[in-house]
Amino acid sequence: MVQELLLEIKDLEVNFYTYRGVVKALNGVNLKINKGEFFGLVGETGCGKSVTASAVLNLVQNPGKIEKGEIIFQGKELLKMDKEEIRKNVRGKEITMIMQYPIAALNPVVNNGDQISEALLANKNINKDEAKKRTIELLREVNIPEPEKIARQYPHQLSGGMAQRVMIAMMLSTKPALLIADEPTTALDVSIQAQVLSLLKDLVVKHKTTILLITHDLSVVAETCDRVGVMYAGDMVEIGEVDQIIHNSRHPYTRGLINSIPSEKSRELIEIRGSVPDLVEPPTGCRFHPRCDYAKPICKKGKPQMLEIEKNHFAACFLYEK
Amino acid sequence: MEELIQLKDIKKYFPWKKQKYVKAVDGVSITVNRRDIFGLVGESGSGKTTLGRVLLRLIEPTSGSIFFNGKEISKIKKIDKNLRKKMQIVFQDPYSSLHPRKKIKDIIGSGLRTHHMVKNEDELIEKIERFLNLVGMGNEHLFRYPHELSGGQRQRVAIARALILNPEFVVLDEPTSSLDVSVQAEILNLLKKLREELNLTYIFITHDLFLTKIITEKIAIMYLGKIMEYGDTERVFKNPMHPYTRALFSVIPRLDAKMRSKKIILKGEIPSPVNPPLGCRFHTRCINKIGEICEKTSPSLKEIEENHFVACHLYD
């Protein structure tokens, strides 16, 4: 199967100008997402996974600034596009996003149905009745029981899982080429999380939607995604297919992360020594070197390049440089 | 094994509108042995946090008895200082459980002052330093404020604050759920180490089943205020019997594809605790429902194998 490139991020650098100093949030991130793919972006707090998503949607705001890099989406370079054009034709249309707290993301004083219809009316040439009908269809598509009733209700009457479905329905209304899901299940219970994840997976399989899933939970990615990117302190450290990352991870950080996740087999949890660096003064060279057991003198000096270790599997680590 | 805590038929109903109650905990009986880590597992709304607080009498039970060290503490009017010292709690969110305008030394030390456990300021500082080091933090943090610390460090401070009074028993209410996984590993290893060093007993409240497998000796799985399954952690994991436990096990995301079984995706959501289903509370979502009995009679906990109790009509 020939894979068609949907989104390419090249050498993206984002800084935040705060009172404490310049936070170097993204340090040259590269990423490619193909059409119809379920891609997972994993990392701990502050690694830059959400900033990456904001950059794609052109939502990096003051004091943040995109310093350099390219974001190419469907052949168009987003960073060179007019802001107004992005708002009109890309964000909320071609690229949509669902958030961690759906109830906070929904408008509390507009009922669920009207919120979805609004998105439909703004993006399509249809009349109100058609929009209403389509809204009910969309709600049914995301497995909401009694969609007519839910459409009349307000967001505060929904549980977290239901609200997330309403969000998903709204974001699908424009048939986006890319759906970004930023920690969509973090606020939900495991049994509800399973429902939402299986729904997202269905979307990829049935509707050929491309999903970029952002999460801190590698197990969620392992269960749902096709490919994974692991981020640490503003750097992409490893990218590969799910099996490659889980069973044959090469970057010391990815390995540490996997060892610290509780599973059925683990008897004890192995921690990664030290803590995540302050990105105002990030470590020189490889940003992981102060916590790395394999650190060599060279790790302090240069930034390691992404190397292809096996087919489709890349890691940025001096261990693999010849 | 020596019993430290015994709960008998604990109920906690919160008043709700007119003549209605939220039945947060509805008839729970458990025994916690000394030096054990007891896991209390459940989804949101299962009553695990309420139970943890009732246990310390931070909130008063509606009915039932609590025994601590063989003494009934649910009957005495107020937990006195001596008793309070022996039972401590670490809260879920270290961002809201530490006073933002107090220095770390005051946060950790205020208990010592209240309980007159130190004679003078020098002794106070010395003791605070010792506990700060015990939880793996340096003395440079003494005069800092909580906002200067990371989430993991804050949780360490909360742990030091609980342990400095030399308690016998600590309730850990989701101590790691707001932390990153690598930090979580650090905190859990620390808690395990401290249990050995200080002879502690923990109640570990969590929604993460795998965590309980690694650190607990016994677990109780709660759903809508009732215990569904209860027993030695090893036995429960080897042979989960309650349909709810099985469903929970099947939906936890797993790293290793080989460990995945067919997912039992529960339909719908947890019903409201104001109006819980009659009979077995789980029957509305259960895939193994046998029939009318599940809708009418609430199953009691039965010992199916040694130290393994299940509340389900399947095993009648």
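In the predicted model, Asp182(A) stands opposite Ile214(A) of strand β8(A). The two strands concerned, β7 (residues 178-182) and β8 (residues 210-215) of chain A, run parallel and are joined by 5 bridges. Strands (E, at least two residues) and helices (H or I, at least four) are DSSP runs numbered from the N terminus, and two strands pair if DSSP finds at least two bridges between them. This is a predicted model, in which local features need pLDDT of at least 70 and side-chain atom pairs count only at pLDDT 80 or more, while totals for chains, interfaces and linings use all residues. Residues are numbered from 1 along each chain as its sequence is written, and chains are lettered from A and ligands numbered from 1 in the order in which they are written.

Strands β7 and β8 belong to an open sheet of 8 strands in chain A, with the order β6-β7-β8-β3-β9-β10-β12-β11 and mixed pairing. At its edges lie β6 (95-98) and β11 (306-310) of chain A, each pairing on one side only. From one strand to the next, the twist averages 20°; axes are lines fitted to C-alpha atoms, for helices over the stretch in contact, and angles run from 0 to 180 degrees between N-to-C directions.

Helix α8 (residues 190-207) of chain A lies across β3, β7 and β8, running at about 155° to β8(A); α1(A) lies across β3, β6, β7, β8 and β9, at about 150° to β7(A). In α1(A) (residues 49-56), Lys49(A), Val51(A), Thr52(A), Ala55(A) and Val56(A) are buried, that is, 20 or more other C-beta atoms, placed from the backbone, lie within 10 Å of their own. These residues are on the same side of α1(A) because they cover an arc of only 160° around the axis, the arc being that of the directions from the helix axis to the C-beta atoms. Asn58(A), which follows α1(A), has a positive phi, near 60°.

The axes of α4 (residues 112-123) and α5 (residues 128-141) of chain A come within 9 Å and cross at roughly 115°. Gly113(A), Ile116(A), Ser117(A), Leu120(A) and Leu121(A) in α4(A) meet Ala131(A), Lys132(A), Arg134(A), Thr135(A) and Leu138(A) in α5(A); residues are in contact if their C-beta atoms, placed from the backbone, lie within 7 Å.

Between the chains, the contact takes 30 residues from chain B and 35 residues from chain A. The largest share of the chain B side, 6 residues, comes from α6(B).

Technical notes
Contact = placed C-beta atoms within 7 Å. Buried ≥ 20, exposed ≤ 12 C-beta atoms within 10 Å, placed from the backbone.
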